[in-house]
Amino acid sequence: MRSWFLKAGLAASFALALSLSLTLSGQAETPKRGGILTYVIPADGGPSLDGHKETTFAVLHATAPFYSVMVRVNPDNPSSTSDFVCDLCTEIPKPTDNGLTYTFKIRPGVKFHDGTPLTAHDVAASWRRIVSPPPGVSSARANNFVMVDKIEDPDDTTFVITLKFDTLSFMPALADPYAYIYSKAILDKDQHWYEKNIMGSGPFKFVKFEIGQSIEGVRNPDYYHPGQPYLDGFKAIFAPKESVRLDAIRADRAAVEFRSMPPSARDQLIKLLGDKITVQESDWNCGNVLTPNNARPPFDDVRVRKALFLAIDQWKGAQALAKIAVVKTVGGIVFPGSPFAATKEELEKLPGYWPDIEKSRAEARRLLKEAGQENLTFEMLNRNVDQPYGIVGTWLVDEFSKVGMHVTQRVVPTGPWLDAMRRGDFAVALEANCQNVVNPVADSGRYLPHDLYPENFAYHKDPVQVEIYNKMLHETDPVKARVLMRDFENQTIGVGAHQLMVTWWYRIVPMRSYVKGWKISPSHYLNQDLANIWLDQ
Amino acid sequence: MSTTVIDDAPLPQRSYWQSLMRFCQRQPLGTFGLVLVVIMAVTGFSAELIAPYNPTANDFAAMTEPPSWQHLLGTDQFGRDLMSRIIYGARTALIVGMTSAIVGGFSGLILGVGSAYFGGTTDLIIQRLSDIVMAFPLIIMALAVVAIFGPGVQNVIMAITIPLIPRCSRVVRSSALTVREMPYVDAARACGFGATRIIMRHMVPNVMAPFLIMVTSFVGQAILAEASLSYLGLGVQEPVPAWGLMLQGGAEEYASTAPWIAIFPGVAIMLAVLGINLFGDAMRDALDPKLRER
């Protein structure tokens, strides 16, 4: 059954790849060596340089070229949601012991940039730090590895992970692009060393880092993937303002921004530069989430929450917003390109997705009247990031007004926005769900109640939802897991009306046409080690 | 023997209409400014009657449309009618501008006159506090206040009002110091009148000329400050129609493909501030006795 689902996944990925508006050129061309790639990172920089600890792409886009990982999404097929290949391991192992034990062989002869050999002990030390960090060390994605029982490194080339239970979410979680392999010797001396320093075994060696300005790397001549990297080096420039990034690409002071640009920027660049610009586009494993504070009146009333969802015309809205923002696809709680995602017919049964918007809004008005909230007035907390939070927020305010709600926005910078959600100081919040490797079971864990998933800010209690999730986590038959996923989605959006996914994002990456070899993926966290990029100059 | 006849009959009182006509004749630029201010006030406060569309309603069938008979000033990226948003934006500008200027002005007036009248330690404390607030440029001070209290109309008004208070207080105090030495103030003191009566009845009316000029200029400054804060994302929030906010986001993004999104709100800000400044200058000339007789 699992192989059937794998095939279905591959087929879906293939269909997704076909649907991507790729303007790939030079796929059959022989890569040229040399040159320095300059790219822009749309941020000021991350809080630290430690991939295990951080969640922002700003850290990953700056540091991924310096590091190796154990397993990764296939860099030649990154749009796939199920094509995983080895980076440091020699082969993806078949699990033994009823699917509970994975024994990896580590590639021989790999060296860290300081010349010391990389062994299974370094891999194990890094993974132990990710799965069960020592006191005082934080691991952003430790929650993704609740299934891991123990990690062993019996010799220099063998790395063994034993699971508590078999689950479909393990392999995608293992391909975490932030799971950098650090030197055990360094970690043994200081667990915090990597927060301020860089030393890996990736395709590029660290040259210099100017905080908030730029980071530079030079080719690692000892890199273990034959022939790679093609570039002599790279320079990444931090540029939080969109106009600056646009100007940089327009003037060829930077070749690409790997996160995403809005449709207007893409259109401007194409108009100005013609065939000197290539654009790759893809559905994005990120989306906005509308989160009513389930613990605060009147949103402690499920009727009010449902009315909130029923006011929104997602089908028409997403289509129009796609012209002005980095959003496009209507979807449920699972990335629309995944075999686990709801079909349109399945979605249309949930509040917030009804195909007949007039009927949907009439029901919203009825529910509000029944709840005594006909003139509901509230403030929606939003983040001061225009693309797409600002645009989606403005659209939602107008949608709510169509059922008589009076909504204002409290738009604040990222820090106060997160802080307000963590304190529960909001009525309704517009937040986002951004994941790296498409891992439907693990990714949907973010909809669990706050006491199980601390970064869920709906502040709801729902034992039924938790029970469904636990069943799904332990289910190894993909078909049955998909059925459970529908139950989980229905409980989250339909029955409990805890949170609503509003429009999935859409990645638009315009780049100078001389940049070759890079392929877009559904996540801006993936495929960023730059090893396969070359410059046709 | 010759006799000199002194005509001590009172000068004829001019009606408001005659005063207005005289102002218009002598101050054509000020009149132009007044017309702009009146137009802004009328459009702002009767926006519901004038605006052709709901300023916050999205119309996805009319996104980034250029000016046409349907949308005289075009539409923004959400398909919202720019003319309607500018008309409603005048209300936001006036509410923020007038409230900040009046509250800031009157607070400054009370502090300035009080500071001059009482002198001594009271004067010292008020003036040193004013020095501290005035050490920061208006926009920086406003940014700090908004950063502490958060965005929104009320907080923006407060953010702009606070830096205006010492500016007004300083100017009013300098006039009030002269008035304090006038014989009629001494006479009032000799009659045993209290400080409040002397300040309110004898000093405040005699510093009204510089005060009114200050308040007029404050309206323009407050409108610009509101637009700046909104442009920086710290003022009023979407979808409230406000000129500064209209210059943010979409206006930048569509500057080359839909320039009308940026041009018309910019023109509205420019005309409003120009009108208020011209009117303020003319008021100063009209109220200054030395300039009035020229």
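Colleague: Over how many bridges do β5(A) and strand β6 of chain A pair?
Modeller: This is a predicted model, so bear that in mind throughout. Strand β6 covers residues 158-163 of chain A, and one facing pair is Lys150(A) opposite Thr162(A) in β6(A). β5(A) and β6 run in the antiparallel sense, and the number of bridges between them is five.

Colleague: Which strands stand at the edges of the sheet, each with a single partner strand?
Modeller: The sheet is open, with three strands in the order β4-β6-β5 (chain A) and antiparallel pairing. An edge strand has a single partner, so one side of it is left without a neighbour in the sheet. In chain A, that describes β4 (101-105) and β5 (148-155).

Colleague: Which helix packs on the sheet?
Modeller: From one strand to the next, the sheet twists by an average of 15 degrees. The helix touches β5 and β6 of chain A, and its direction makes about 165 degrees with that of β5(A). This helix, residues 120-131 of chain A, is α3.

Colleague: How many salt bridges are counted between chain B and chain A?
Modeller: The side of chain B that touches chain A has seven nonpolar, six polar and four charged residues. Five residue pairs are in polar contact across the interface. The salt-bridge count between the two chains, though, is zero.

Key
Residues numbered from 1 in each chain as written. Chains lettered and ligands numbered in written order. Predicted model: local features only at pLDDT ≥ 70, side-chain atom pairs only at ≥ 80, totals over all residues. Heavy atoms only, no water. Pairing = 2+ DSSP bridges. Helix = DSSP H or I, 4+ residues; strand = E, 2+ residues; numbered from the N terminus. Axes fitted to C-alpha atoms, helices over the stretch in contact; angles between N-to-C directions. Contact = heavy atoms within 4.5 Å. Salt bridge = Lys/Arg side-chain N within 4 Å of Asp/Glu carboxyl O. Polar contact = N/O pair within 3.5 Å; in protein donor to acceptor, adjacent residues only side chain to side chain. Nonpolar A, V, L, I, M, F, W, Y, C, P; charged D, E, K, R; others polar.
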